[in-house]
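Let's take a walk through this chain together. Have the sequence and the 3D view ready as you read.

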Amino acid sequence: MHNCPRCNLINIIENKYCFKCSYPLVPEAFDEIKQEEESKIHALMQKHVQELKETTKEKDREIQLLKDDMNAMRDDMKNIFEVLKIAKQNDGRIGKDRTMLDENRRVTLGYVDNNNQIVEVKVPLDGVEIANGGSATE
Ligand SMILES: [Zn+2]
């Protein structure tokens, strides 16, 4: 006979758990419950680790996209400085004429962005400071 410590039901000796309230009555029953809890915790931890891995992968992708953007912007800037350098050295002459230089001695630089919008900037040529012979990015 087992006397249930929780509900006081008198159980037959074969019962590992209380017939009425399921309370564990023998050490083996406690071990079973403990093992079940441990495997639940293990499963939760595995799920958590998996979620962290996925989040990390996603963040890595975002960082890579930002790096690509920055490199593209750096290349754009290099090109702009190259054009400005030529414009400055030739007093606004890029090609055969001075169409880039307007009446206020401003150079117009432009490009078409991803939304097909023309983005233009007017740079006063006399305000540009570029060291002779050196690279603009160094
Ligand atoms: Zn009980």
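What follows goes from the overall layout to the helix, and then to a single leucine.

A word on the ground rules: this is a predicted model, in which local features need pLDDT of at least 70 and side-chain atom pairs count only at pLDDT 80 or more, while totals for chains, interfaces and linings use all residues. Residues are numbered from 1 along each chain as its sequence is written.

The chain holds one helix and four strands, and along the sequence they come in the order β-β-α-β-β. Helices (H or I, at least four residues) and strands (E, at least two) are DSSP runs numbered from the N terminus.

Now look at α1. With 63 residues, α1 stretches 91 Å from its first C-alpha to its last, close to the 93 Å expected at 1.5 Å a residue; that expected span is 1.5 Å times one less than the number of residues. How many of its residues are buried? A residue counts as buried if 20 or more other C-beta atoms, placed from the backbone, lie within 10 Å of its own; 12 or fewer makes it exposed, and in between it is partly exposed. Across the chain's 138 residues, 3% are buried. Just after α1, Asp91 has a positive phi of about 55°.

Finally, find Leu25, in the loop between β2 (10-11) and α1 (27-89). Leu25 is buried because 21 other C-beta atoms lie within 10 Å. Beyond its neighbours within four places in sequence, Leu25 has contacts (C-beta atoms, placed from the backbone, within 7 Å) that include His2, Asn11 and Tyr17. Cys4 is another of its contacts; 21 residues away along the chain, its C-alpha is 6.7 Å from that of Leu25.

Terms used: Contact = placed C-beta atoms within 7 Å.
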